[in-house]
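Subject: Structure for you to look at

Hello,

Here is the structure I promised to pass on. My notes on it follow below.

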Amino acid sequence: MSRLVSARIALLDNQIVDCHRLPIGRADDLEIELGGGVPRITALLIGSQPLGDRIGGHLGRAMAAVSARLRRGAEDDGPPAIPVSSIRDLEPLIELDLELDDLPNVAALEQWLAAHFVERLPGSGDASE
Amino acid sequence: MKQAFAFTLGTLSAIGGFIDIGDLVADAQVGARFGLRLAWVTLFSVAGIMCFSEMAGRIAIKTQRPALALARSRLGPRFGLFGLIGSLLVTGLLVMAELAGVALALQLATSINYLLWVPVAALFVLIVVWRLPFETMERLYGVLGLTMLVFVVAVFQLDPNWPNMAQSATTIAPTASESWATYLFFVVALIGAQMTPYEMFFFSSGAVDHRWRPRDLWEMRVNVIVGFPLGGLLAVAIQATAFLVLFEPGIAVEHLSQTALPVAVALGKAGLIVAIVGIFAATFGATLETLFSTSYDVAQYFGWSYGKLQPPARASRFVTTMLAMLFGATALALTTINPITVTIVAVVCSASLLPFLFLPVLLVANDRELMGEMANGKLSNAVGTATLVLSCVVSTLAFPLLILTKGGTV
């Protein structure tokens, strides 16, 4: 990907979808590596923690704190990060060459709610049919 | 089949969005107190909401992203969060008001107190949201909502003095017994009731859900061109029936039954039944629209999976948000808080929020880098800018007038 794009326009805050175009989240923040002379964007950060940090103020800090708290106990530390190498396309949405199911740390709340709440409701299987 | 289906998206937006509890209350109040002297507001509202819904639909077609989702990308997460919280508060109040409206329609039909109907109505909504496919949902309430046309029939049946009506419709001033402040307050209330932002967002999310593409541009426009003026016609018809029956005796509209009363006078029991079906369909459709719209807004801001086209387990955060909203609305309705008061407060808050939700849509629709050849033309920009400027005036006046006139009761 040698094309020049603006990180502000093409990456930050844009919708990320997986290879089946299922929504994964938004590029809530970018991870930048400073080593080696030229700063490089290495990953897209997803979740309310990086988002809250960016929004700032009382509300932003509260968002980040709640999100960090909810994730505590999970194996890794830090918010879910998607390496930029898995980006397949930038227009109109940020499309990855991964499947949502291959990203265990992304959308943890979604999976938790699905397993503990939504799938237990009667008739949750085929509402779209 | 796709044509008819696409058409009903517009009718649902029009009947369920344009004519909702806010209109049923505000139009009848305005008709009973001012006759047709505020009918011009509806013309302005229809033009404004058509312009912005068309823009939001065009944005959704071109970018495959709903309008509010782009607001965050283009104007940053802070502005996006402000818009999200604002529209959540207003539309959340409206969910409660619409739900109470469904219960009030059932009270009209059965004489059983609406509070007993609130949980039943919430259960209906839950079943429809949970089990009914989107298309069936849209068609059903689109078609049932057409029974609201009974208000138009009632106007003719009441055999009005047409020159009188025309004179009232062309007078832009309060009636002798009312003050200018009250008149202006109802201008704000009508605009808030008729130009509700959730219509715009529901419409653009629907366009994304339906996977509309550039070749569907005119289909989308037909929906806007047919749907919203139809809603406007119904709004003026409600004002006119209230004018013809309630204005002379000086009956104040304090309950939803008084909105339906003129139809009963004009067309008897049969007319009343049709009107109640229409009110039920309109408020029910609006309950669904407001509920979906608030949940769409949240999901899009955070980039969650959403929509009626996903199995619930794939969009569990979206589903949970929607169920929580419905539960909260039911609980609020059961506090016995007066739904008519809540409606008036909600439409005034909605009016004060308009410029903050119109501005990002106008900016995104003008972004040539993003929209390419589908960016705004001169007509959209002229009408859009005029609407935005007027909505700023309305927004500034909304709360002072609400306090000054004590919600139009003075």
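Helices here are DSSP runs of H or I with at least four residues, numbered from the N terminus. By that count, α12(B) is followed by B:Gly303, where phi is positive, near 80 degrees. Please bear in mind that this is a predicted model.

Helix α12 of chain B deserves a first look. It covers residues 256-302, 47 residues in total. A straight helix at 1.5 Å a residue would reach 69 Å, yet the end C-alpha atoms of α12 are only 38 Å apart. Where does α12(B) bend? The bend is at B:Leu267, by about 140 degrees.

Next, the contact between the chains. Chain B puts in 26 residues and chain A 23 residues. On the side of chain B that touches chain A, at least two residues each come from α4 (67-110), α5 (114-131) and α13 (316-333). Which of the helices gives the most to that side? It is α4(B), with six residues. By type, the chain B side divides into 12 nonpolar, eight polar and six charged residues.

Last, chain A. It has four helices and seven strands. Along the sequence they run α-β-β-β-β-α-α-β-β-β-α. Of the 129 residues in chain A, 31% are buried. Take the contacts in chain A between residues at least 6 apart in sequence: 47% of them join residues at least 24 apart.

Best wishes

Notes: Residues are numbered from 1 along each chain as its sequence is written. Chains are lettered from A and ligands numbered from 1 in the order in which they are written. This is a predicted model: local features need pLDDT of at least 70, side-chain atom pairs count only at pLDDT 80 or more; totals for chains, interfaces and linings use all residues. The expected span of a helix is 1.5 Å times one less than its number of residues. The bend at a residue is the angle between axes fitted to the seven residues ending there and the seven starting there. Two residues are in contact if their C-beta atoms, placed from the backbone, lie within 7 Å. Ala, Val, Leu, Ile, Met, Phe, Trp, Tyr, Cys and Pro count as nonpolar, Asp, Glu, Lys and Arg as charged, and the others, Gly among them, as polar. A residue is buried if 20 or more other C-beta atoms lie within 10 Å of its own, exposed if 12 or fewer, and partly exposed in between; C-beta atoms are placed from the backbone.
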